[in-house]
Structure formats: structure tokens, C-alpha cells
Amino acid sequence: MDTGELSWAITATALVLFMTPGVAFFYGGLVKAKSVISMMMMSFGAMGLISVLWVLYGFNMSAVGGPTELFGNPFSDFGLMAAAGDNETLVGAAFGATFAIITVALISGAIADRAKFGSWMIFAGIWATLVYFPVAAWVWGGGWILELGNTLGLPGVIDYAGGTAVHINAGAAALALALVLGKRVGFAKGAHVPHNPPFVLLGAGILWFGWFGFNAGAEFLNDLALVGLIVTNTLVATAAAILGWLIVEKIKDGKPTSVGAGSGAIAGLVAITPACANLAPGWALLLGVIAGVLCALAIELKFKLGFDDSLDVVGIHLVGGLIGTLYLGFFAIDTGLFTGGDLGQLAVQAIAAFGVMIYSFVVAFIIGFAIEKSIGFRIKEEDEIAGIDPIVHGETSYVFETK
């Protein structure tokens, strides 16, 4: 790895790490004023815990010798002791850690206002170990998803930056936890109003900024050959998704909102994540519009189906991840159904997407259920009403003093 590639990789790593505070601001603005600290602490807790676990054994688990192995040996280089002095390995490990961190942090949005911090940290550590680390190996580290095309004699699965490993993975786990913890007190449409929309836009802006590192970061392994395409697609899909979401809001509710603009941006970023290096920009623009429209409609499902996905992790990340992953089956350069290929690309995309979704949901549900029935995952109802921040963290988000 030369100096230029090393600088690129370090910059991308810093950008992706910065995205998790972006998640904290985005989620923090969406919750009640008395839940902001709790919400943001779940992201910062993930930054601490998952970084440590990744260096200890997660990085080792994220690479396998072939499609029959589910995860790598966690003790093959425990604590990365043997990698000391190997810049390429260590920078790659640090870059991978940032993906693991944000994937875990995303899940927390589904359980806003009602989760114990300690229980969340236990869940985060177990889920990362049993789900994220192995799935990273499946998608990028030589596992069954990476090799699925060869196994079936079809095109390879395309997931450049994490539609399956990050967004579908987190969204499915979020749905499981929402079901385990149940509904917030007073759950109903319009009952929980975001306390700080400027925080939401700040978080969305940080995420969009960091997403260029998220999508283009791995190009240090590819001599930057696709960086122009990746950056352009990350820009245009996100922009188009904002417009799509706002149009839906205008038609449905009569007013385009700032929260809708921020949510639309995230929907576009999620959808373009797996597809950023494999779509012509025009098709990326169309993907953004579709993701903005469909995710804006999908967030209503929680009211119709009766599950309390507090901050729409399912509607944005699970649905957006599925849209972006499956869209490649139709429009991926050279292999999509309408761009020179056949149904083979769609087939492998669907197998990968739904395989990760089912696995993550089942394991997350089991872990969450076990925690809830043993030490408890949800805070007491009276504590939720009084305010989770002072009860769990002994702090108040906003202190107004008069003299």
C-alpha cells in the first residue's frame, strides 16, 4: 500500500467513524427531550464496545476460507498482536471496525425511549459476535454470499458497501427488538413528536458527508478505479431520494417537512450503498426516487401492523436495503435484467438479501427475548413516563437556569 492509498484509507476510516455521531444526532433529534441522552449514548456505547470486540476477535471472524465456513477463527490473531507493523492489515481492520460500529448503532433507533443501557450493551456485544461478524465474512470475507454466484453458476452477488451486511442486517434486528420490547407508552400515530428537527438535519448532513467514505472507502483496494462513479451515485441517489420523500409528504399531508428531508436523504444513502459501484448514474437517480417514495410509505407500516419501530429503522434501513440490493437485479451494469443480463443477478441478490434478513431477525429475537426474560431489557413504565435520561444516566439534556 503506497502513501496515497494509505492516506485515502485513513481518511475514509475517519469519515465512517464520524457517521456514528451522525446517527446519534439524527436519532437524538427524533426522540423526546427527556430521552436524548439515552438515545445518543446507545450510539456512543456501540463505538466503545464494538471497537474493542472487533480488535480482539471480530476482525478474525470476518474472513473465512470458503463458502462452507460460517465464520473465521476468533483466536487466529487475538487482539491483532501479530499484525503490529502491518499497515495494510491494520488500516483494513480499522476501516472494517467502523462498519461494525454503525451497523450496531443503527439498531438502537427501534427501541428509543424505553431500553436499559446495560441490557442494550449486552445485546450489542452478543449480536455483533453472532450476527455481524459472521455476516461480514459471508458478504466480503470469502463466505457463501460472496461465492454464491460461483456455486450456482450465476453472476456474483453485488453488495459493494453493505446493503445486506449493514442495512438489511440492522433493519431485521431492529424489527426483532421492537417486537421483544413492545410499544412505547401512548404509542399511536402523531403521539411522539421529534423534539429537535435541527438535530435531525445535522445528523443527516453528517451521515451524507461520511457516506462518501462509507461507499468509496474500499476503493483503496481497487486503485481508485471506480471512485468517480461511486461518488457521483452517492450524491445523486441521495438527492433524488430527498425529493421523492418530500413529494410523498406533500401529497399525503400537505406539507414537506425537515424531518422528511433528513429521512429521505438517509433512505437514498441506504439504497445506493450496495449499488454505488455497479449502476450508471441515471439508474442511480431513479433508484433514489424509488427509495425515497417507498420508504416514505413504508414507515406507515408500523401503525398498520402494530409494532413500535420508534425511529423507522425498519422502514428506512430494512426496506431501503432491500430496494437497493434487489434493484441491482434489474439495472446493474452488464448483468441486470434490463442492462444486458438475465434473471440470474436478481436471483442471487434475493437469496443473499433474504438469507441475511431471516438470520439476523431470528438471532436478534432470541438474544433480545433472553435478555428481557432474565435481567430485563425494557425500563419500568413509570420510569419511561418520568424520563429515561435521569433514571438511567442521571443527566438531563437541557438545563434552563434563571438568575
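Visitor: How many residues in the lining of the largest pocket are nonpolar, how many polar and how many charged?

Guide: The classes are read by residue type, with Ala, Val, Leu, Ile, Met, Phe, Trp, Tyr, Cys and Pro counted as nonpolar, Asp, Glu, Lys and Arg as charged, and the others, Gly among them, as polar. Here the lining of the largest pocket has 13 nonpolar, six polar and nine charged residues. Please keep in mind that this is a predicted model, in which local features need pLDDT of at least 70 and side-chain atom pairs count only at pLDDT 80 or more, while totals for chains, interfaces and linings use all residues. Residues are numbered from 1 along each chain as its sequence is written, and side-chain values use heavy atoms, with hydrogens and water left out.

Visitor: What is a pocket, and how much space lies in the largest pocket?

Guide: On a 1 Å grid over the protein atoms alone, a pocket is an open set of points with protein on both sides within 12 Å along at least five of seven lines, a cavity is a set of points where a 1.4 Å probe fits but cannot get out, and lining residues have an atom within 4 Å of a point. Grid points are joined across faces, edges and corners, and a volume is the space filled by probe spheres set on the points. The space in the largest pocket comes to about 790 Å³, and of its 28 lining residues, His192, Pro194, Val259, Ile299 and Asp312 lie nearest its centre.

Visitor: Which elements supply at least two residues each to the lining of the largest pocket?

Guide: Elements are DSSP runs numbered from the N terminus, helices being H or I with at least four residues and strands E with at least two. For the largest pocket they are α8 (227–253), α9 (258–272) and α11 (301–305), and α8 provides the largest share of the lining, five residues.

Visitor: What volume does the second largest pocket have, and what lines it?

Guide: The volume of the second largest pocket is about 640 Å³; 22 residues line this pocket, and Gly92, Phe95, Gly96, Trp140 and Leu221 are the closest to its centre. Two or more lining residues come from each of α2 (36–61), α3 (87–107), α4 (117–140) and α7 (197–216), with the largest share, six residues, from α3. By class, this lining divides into 14 nonpolar, seven polar and one charged.

Visitor: How many cavities of 30 Å³ or more are there?

Guide: The count comes to two cavities of 30 Å³ or more. The largest cavity, with a volume of about 50 Å³, is lined by Val23, Phe26, Tyr27, Ile102, Leu106, Leu207, Trp211, Ile266 and His317, and α1 (3–30) gives the largest share of that lining, three residues. Its lining has eight nonpolar, one polar and no charged residues.

Visitor: Which residues line the second largest cavity?

Guide: Phe26, Tyr27, Ile266, Leu311, Asp312, Val313, Ile316 and His317 line the second largest cavity, whose volume is about 30 Å³. The most to this lining comes from α12, with three residues, and by class the lining has six nonpolar, one polar and one charged residues.

Visitor: Is threonine 238 buried or exposed?

Guide: Relative accessible area is read with a 1.4 Å probe on protein chains only, where buried means under 20%, exposed over 50%, and partly exposed in between. Threonine 238, placed in helix α8, is buried because its relative accessible area is 0%. With contact meaning heavy atoms within 4.5 Å, threonine 238 touches Trp208, Ala265, Gly268 and Leu269, not counting residues up to four places away in sequence. Leucine 326, in helix α12, counts as partly exposed because its relative accessibility is 22%.

Visitor: Which side chain of opposite charge is nearest to aspartate 383?

Guide: A salt bridge is a side-chain nitrogen of Lys or Arg within 4 Å of a carboxyl oxygen of Asp or Glu, and in the charge count Lys and Arg are positive, Asp and Glu negative, while His and the chain ends are not counted. Aspartate 383, in helix α14, is buried yet has no salt bridge, the nearest side chain of opposite charge being lysine 380, 5.4 Å away.
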